[in-house]
Amino acid sequence: FLQTVSDVFELYLSKCSSQELLRGVYSLCLMGHYPQVALNQLFRDDVLNELCSSASVYREANEQMLQCINLCLELENPSFIRQPVNTTVVDPSLSHSVNAELQKTVDTILGDSSLYQQGLMLKNLLFI
């Protein structure tokens, strides 16, 4: 299924805006599918600069999606390292509260709270 979606997406790439390209690649990466042609197009300097431009209304959201894509790629292939362009740095010294309801749900699902670390800052994204 994902390969078919990816193939159709690749046919549409020439018509995609940078924003649509980012959203498409982001969605596929979250599902564990990494379309190489689309990734190559997304990681072109002109596309990244447009997405992270201070003139972009969606700059912060774009940067978060790019960070997430980079993180997915790094987790899938640890030798993959690509620094995001113009990323907003989150100060890790800032205290973040853990959502108690979410913590309880994760504990129930996993059955063992030692399987995860609370409040872990991972590549500028906050995870439990």
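Student: In which helix is the place of phenylalanine 9?
Tutor: The model is a predicted one, in which local features need pLDDT of at least 70, side-chain atom pairs count only at pLDDT 80 or more, and totals for chains, interfaces and linings use all residues. Residues are numbered from 1 along each chain as its sequence is written, and side-chain values use heavy atoms, with hydrogens and water left out. Helices (H or I, at least four residues) and strands (E, at least two) are DSSP runs numbered from the N terminus. On that basis, the place of phenylalanine 9 is in helix H1.

Student: Is phenylalanine 9 buried or exposed?
Tutor: Buried means under 20% relative accessible area, exposed over 50%, and partly exposed in between, with a 1.4 Å probe and protein chains only. Phenylalanine 9 has 12% relative accessibility, and therefore counts as buried.

Student: Which residues does phenylalanine 9 touch, not counting residues up to four places away in sequence?
Tutor: Contact means heavy atoms within 4.5 Å. Leaving out residues up to four places away in sequence, phenylalanine 9 touches Cys16, Glu20, Leu21, Gly24, Val25, Leu28 and Ala38.

Student: How is H1 oriented relative to H2, roughly parallel or roughly antiparallel?
Tutor: Axes are lines fitted to C-alpha atoms, for helices over the stretch in contact, and angles run from 0 to 180 degrees between N-to-C directions. The axes of H1 (residues 2–12) and H2 (residues 18–30) come within 11 Å and cross at roughly 170°. Angles under 35 degrees count as roughly parallel, over 145 as roughly antiparallel, 65 to 115 as roughly perpendicular and the rest as oblique. The crossing angle therefore makes H1 and H2 roughly antiparallel.

Student: How many nonpolar, polar and charged residues does the contact of H1 with H2 have?
Tutor: From H1, Leu2, Val5, Ser6, Phe9 and Tyr12 meet Glu20, Leu21, Gly24, Val25 and Leu28 of H2. Ala, Val, Leu, Ile, Met, Phe, Trp, Tyr, Cys and Pro count as nonpolar, Asp, Glu, Lys and Arg as charged, and the others, Gly among them, as polar. By class, the contact has 7 nonpolar, 2 polar and 1 charged residues.

Student: Which residues does glutamine 41 touch, not counting residues up to four places away in sequence?
Tutor: Glutamine 41 lies in helix H3 (residues 36–42). Between glutamine 41 and leucine 21, 20 residues apart in sequence, the C-alpha to C-alpha distance is 8.3 Å. With residues up to four places away in sequence not counted, glutamine 41 touches Leu13, Leu21 and Val47.

Student: Which residues does valine 37 touch, under the condition of not counting residues up to four places away in sequence?
Tutor: Valine 37 has its place in helix H3 and is partly exposed, with a relative accessible area of 45%. Its C-alpha atom is separated by 9.6 Å from that of serine 6, 31 residues apart along the chain. Not counting residues up to four places away in sequence, valine 37 touches Glu10 and Leu13.

Student: Which residue forms a salt bridge with glutamate 63?
Tutor: A salt bridge is a side-chain nitrogen of Lys or Arg within 4 Å of a carboxyl oxygen of Asp or Glu, and the structure holds 2 salt bridges. Glutamate 63 is buried at 3% relative accessibility. With the closest N and O atoms 3.1 Å apart, the partner is arginine 59.

Student: What is the N to O distance in the salt bridge of arginine 44 and aspartate 46?
Tutor: Arginine 44 is partly exposed at 40% relative accessibility. Aspartate 46 is also partly exposed, with a relative accessible area of 46%. Their side chains meet at an N to O distance of 2.9 Å.
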